[in-house]
Amino acid sequence: MDDILITLYGKPGCHLCEDARAVIERVAADLGVRWEEHDITRSEEDTRLYREQIPVTMINGVQHDFWRVDEGRLRAAIARLREPG
């Protein structure tokens with residue numbers, strides 16, 4: 001496993017977040033990368049930053065997607081991070 005980390009920002013009861021979680025879980029398992037989830041309702045700062053865009057997907061702390069997670073695009077982004085050089 002390498003140092004790639006996918007982070008999902010969402011909140012309970014968000015159907016788009018549930019869809020995003022399913023995609024991220026699958027991609028992370030297939031590609032052997034770590035992932036974590038943050039509930040924006042537990043942080044005023046996260047709520048302020050992300051409430052209009054959830055779910056928000058980050059890769060290594062850089063915003064990758066919001067509202068929906070495109071599985072092909074997520075896989076491609078991880079592949080690019082793994083390229084030598």
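Buried means under 20% relative accessible area, exposed means over 50%, and partly exposed is anything in between (1.4 Å probe, protein chains only).

**Ground rules.** This is a predicted model, so I note that local features need pLDDT of at least 70 and side-chain atom pairs count only at pLDDT 80 or more, while totals for chains, interfaces and linings use all residues. Residues are numbered from 1 along each chain as its sequence is written, and side-chain values use heavy atoms, with hydrogens and water left out.

**Aromatic rings.** I looked up ring pairs: Phe, Tyr and Trp rings (for Trp, the six-membered one) pair if their centres lie within 6.5 Å, and the planes count as stacked under 30 degrees, edge-to-face over 60 and tilted for the rest. The structure has two aromatic pairs. In one of them, the ring centres of Phe 66 and Trp 67 are 4.7 Å apart and the planes sit at 70 degrees, so I wrote down edge-to-face. Trp 67 is partly exposed too, at 45%.

**Cysteines.** Next I went for disulfides (cysteine sulfur atoms within 2.5 Å). A disulfide is a covalent bond between the sulfur atoms of two cysteines. I got one. It joins Cys 14 and Cys 17, with 2.4 Å between the sulfurs. The torsion about their S-S bond is about 75 degrees, so this disulfide is right-handed. Are these cysteines buried or exposed? Cys 14 is buried at 12%, and Cys 17 is buried at 0%.

**The core.** A nonpolar core here is a set of buried Ala, Val, Leu, Ile, Met, Phe, Trp, Tyr and Cys residues joined through side-chain atoms within 4.5 Å. The largest one has 14 residues, and Ile 6, Ile 24, Val 33, Val 69, Leu 74 and Ile 78 have the most contacts inside it. Strand E1 (5–10), H1 and helix H3 (71–82) each give it two or more residues. For my own reference, helices (H or I, at least four residues) and strands (E, at least two) are DSSP runs, numbered from the N terminus. H1 supplies the largest share of this core, five residues. Another core lies apart from it, with nine residues, including Tyr 9, Cys 14, Leu 16 and Tyr 50.

I also checked Val 69 for contacts (heavy atoms within 4.5 Å). Leaving out residues up to four places away in sequence, Val 69 touches Ala 20, Val 23, Ile 24, Thr 57 and Leu 74.

**Salt bridges.** The rule is a side-chain nitrogen of Lys or Arg within 4 Å of a carboxyl oxygen of Asp or Glu. How many salt bridges turn up in the whole structure? I found eight. In one of them, Arg 21 and Glu 37 bring their closest N and O atoms to 2.8 Å. That pair links distant parts of the chain, 16 residues apart, with Arg 21 in helix H1 and Glu 37 in strand E2 (residues 34–39). Arg 21 is partly exposed at 24%, and so is Glu 37 at 35%.

Asp 39 and Arg 42 also meet in a salt bridge, 3.7 Å from N to O. Asp 39 is partly exposed at 22%, whereas Arg 42 is exposed at 74%. Asp 65 pairs with Arg 73 at 3.0 Å; I have Asp 65 as buried at 11% and Arg 73 as partly exposed at 39%. Last entry: Arg 26, Asp 30, Glu 71 and Arg 75 are linked in a network of salt bridges.
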